[in-house]
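Subject: A structure for you to look through

Hello! Please open it first, and then read my notes below alongside it.

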Amino acid sequence: MFQLTRSVTWQALKDLQAKTTDDRISDYFTADPQRFDKMSLRVGGLFLDYSKHLISDAVLDKLLELADHSALVQRRAQMFSGDIINVTENRPVLHTALRNLGEGPLMVDGQDVMPEINSTREQIRRFSDEVRSGEWKGYSGQRIKDVVNIGIGGSDLGPNMACRALLKYRHSELNFHFVSNVDGTHIQKVLSRLDPATTLFIVSTKTFSTQETLLNAKTARRWFLETAGPDADVGAHFVAASTNRKAAMEFGIREENVFEFWAWVGGRYSMWSSIGLPIALAIGFEGFIEMLEGAYEMDQHFLTAPNAANMPVLMALIGIWYINFQGAETQAIVPYDQALHQLPAFLQQLDMESNGKSVDIFGRPVDYKTGPIVWGQTGSNGQHAFFQLLHQGTRYVPIDFIASLKPEPGFEDHHFALLTNMLAQANAFMEGSQQGSDLDPYSCPGNRPSSTLLLDELTPKNLGALLALYEHKVFVQGVIWNINSFDQWGVQLGKRIAGEISSRIDAHSQDFDTSTQGLLQLVRAHFPDHGPARQEVPAPESGKPRGKRRKASS
């Protein structure tokens, strides 16, 4: 039985870690003036500099050998061809098919999935065009002005991040709101500013059974009917992105306004599917397709480039070096672009939900660390917050700096200051302030590693490529660690226990530990009826809207 930590390459990397423990990154540059040229790479509109890492040529060679000796080639081919690689859920993993712009078929269980994908794309195009043009009318005959996406996890983080990142491309007459938290103050705050006659709700839930999303969706429907009147047309104001067409229709959504996606689309990879409907509404269908094009370009690079020139593979190997051989526990994502302020949260889910695993694909415990703790925020703010710890603290934290090169017209001085601050920080993390002396107790030691990712411009295409880059990086690490990056049993456990506590709060609360029992008693005292006493307004029968139905979709 193969054991990763006993492999010759793994042991060689351990030996190299011991031999290079006193190396300084700055000395690598002194020894090799061509290091930047050798350790930088461009793919489309993305440029990666990975030269400021504590990685010698010998270390990089062994890391590449680790990838070469792994199942990467096989599993990558299986993923793109629709084979079952999510072994615990017996599913293929085909988010790459959602942005497939090639001509040929893609077979899953003997069926070409591309016709269904293209059909859903066309549905998104028609709907987004209607809403953006004003052709889609609400119950009162007015055009839509506010779009509220109700989802959580992958049904919220991806669309929310992308819509904010691409704000300058947004339709000037549409406002976008994202509700995810089950805390009632979240949706209350959003609804308080809206007019039901001009508001469109997108219920984004794969199974149409996610507790938080359904509770928020039912609250939104109740608000709509109470505010607009019981005869207002629910079907003109609620649509869904879901695999569960029947449940969506029972909620009151018209069948033609249920946007399909499939079981082989993982939540954190779903923004490329109909979960990306808010993106198409915000930036237009053409902009949404540009995002797919950027991701597709990165997919093709990932498929065809040799490992030594493969951007996702190199980023994955760099991460493995720090996680498994340098003792790093976390990875900081620091965008120097306010538009990307939600990117760290998106990547947090992508990485930690994918590779936060302690057993391999066969269910055996692993004897090495897997996914890092991912965190971060915008860099100019971080400089005055957590950068102190990164510069001088006891934690070892690799950093990804991310920025776009093109400034907004009229704000060139701001953008120049932003970029020079980022480059200064990357240099300071590497060089420190000791200048080779350890006599000053207040100096910064330096030798802190970082990557710099530059986008030529923050466009839909380049954003798509950036997100696909991180998706593939996470995939490569999962393959080398021999774990399943596509299930999330820890998430399911929390959902199950939350459901049990809600349903067993009375007669069976003694089944839980004494701490949970005591806390449940405190909760019960504030909810004598064990939940909101207010009755929910029933949905229209059989998925049909109340009152006169307006033509809203072709």
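β1 and strand β2 (residues 46-49) pair in the antiparallel sense, with 4 bridges between them. Two strands count as paired if DSSP finds at least two bridges between them. Helices (H or I, at least four residues) and strands (E, at least two) are DSSP runs, numbered from the N terminus. Within this pair, V43 has L46 of β2 as its bridge partner.

Before going on, please keep in mind that this is a predicted model: local features need pLDDT of at least 70, side-chain atom pairs count only at pLDDT 80 or more, and totals for chains, interfaces and linings use all residues. Residues are numbered from 1 along each chain as its sequence is written, and side-chain values use heavy atoms, with hydrogens and water left out.

**The mixed sheet**

β1 and β2 belong to an open sheet of 6 strands, ordered β1-β2-β15-β14-β12-β13, with mixed pairing. Its edge strands are β1 (40-43) and β13 (373-375), and each of them pairs on one side only. On average, neighbouring strands here are turned by 15 degrees against each other, direction ignored. For such values, axes are lines fitted to C-alpha atoms (for helices over the stretch in contact), and angles run from 0 to 180 degrees between N-to-C directions.

Which strands does helix α15 touch? Helix α15 (residues 343-355) packs on the sheet against β12 (330-335), β13 and β14 (399-404), and its direction makes about 165 degrees with that of β13. Contact means heavy atoms within 4.5 Å. Helix α18 (residues 412-431) lies across β14 and β15 (450-455), at about 160 degrees to β14.

E353 lies in helix α15. UniProt, in an unreviewed entry, places the feature "active site" at E353, H384 and K495; its positions are given in the numbering used here, feature names are shortened, and annotations may be inferred rather than shown by experiment. Not counting residues up to four places away in sequence, E353 touches R268, Q348, D487, Q488 and V491.

I361 sits in the loop between α15 and β13. Is I361 buried, exposed or partly exposed? I361 counts as partly exposed because its relative accessibility is 21% (buried means under 20% relative accessible area, exposed over 50%, partly exposed in between, with a 1.4 Å probe and protein chains only). Leaving aside neighbours within four places in sequence, I361 is in contact with R75, V87, N482, I483 and N484.

**A pair of helices**

Helix α4 (residues 57-68) and helix α14 (residues 311-325) pack at about 110 degrees, with their axes 10 Å apart. The two helices, α4 and α14, are therefore roughly perpendicular to each other (under 35 degrees counts as roughly parallel, over 145 as roughly antiparallel, 65 to 115 as roughly perpendicular and the rest as oblique). On the α4 side, the contact is made by V59, L60, L63, L64, L66 and A67, and on the α14 side by V313, L314, L317, I320 and W321.

**The parallel sheet**

There is also an open sheet of 5 strands in the order β8-β7-β9-β10-β11, with parallel pairing. β8 (175-179) and β11 (258-259) stand at the edges with a single partner strand each, so one side of each has no neighbour in the sheet. Strands β9 (residues 199-204) and β10 (residues 238-241) run parallel and are joined by 4 bridges; A241 in β10 is the bridge partner of S204. Helix α9 (residues 184-191) lies across β7 (146-150), β8 and β9, at about 165 degrees to β8.

Happy exploring!
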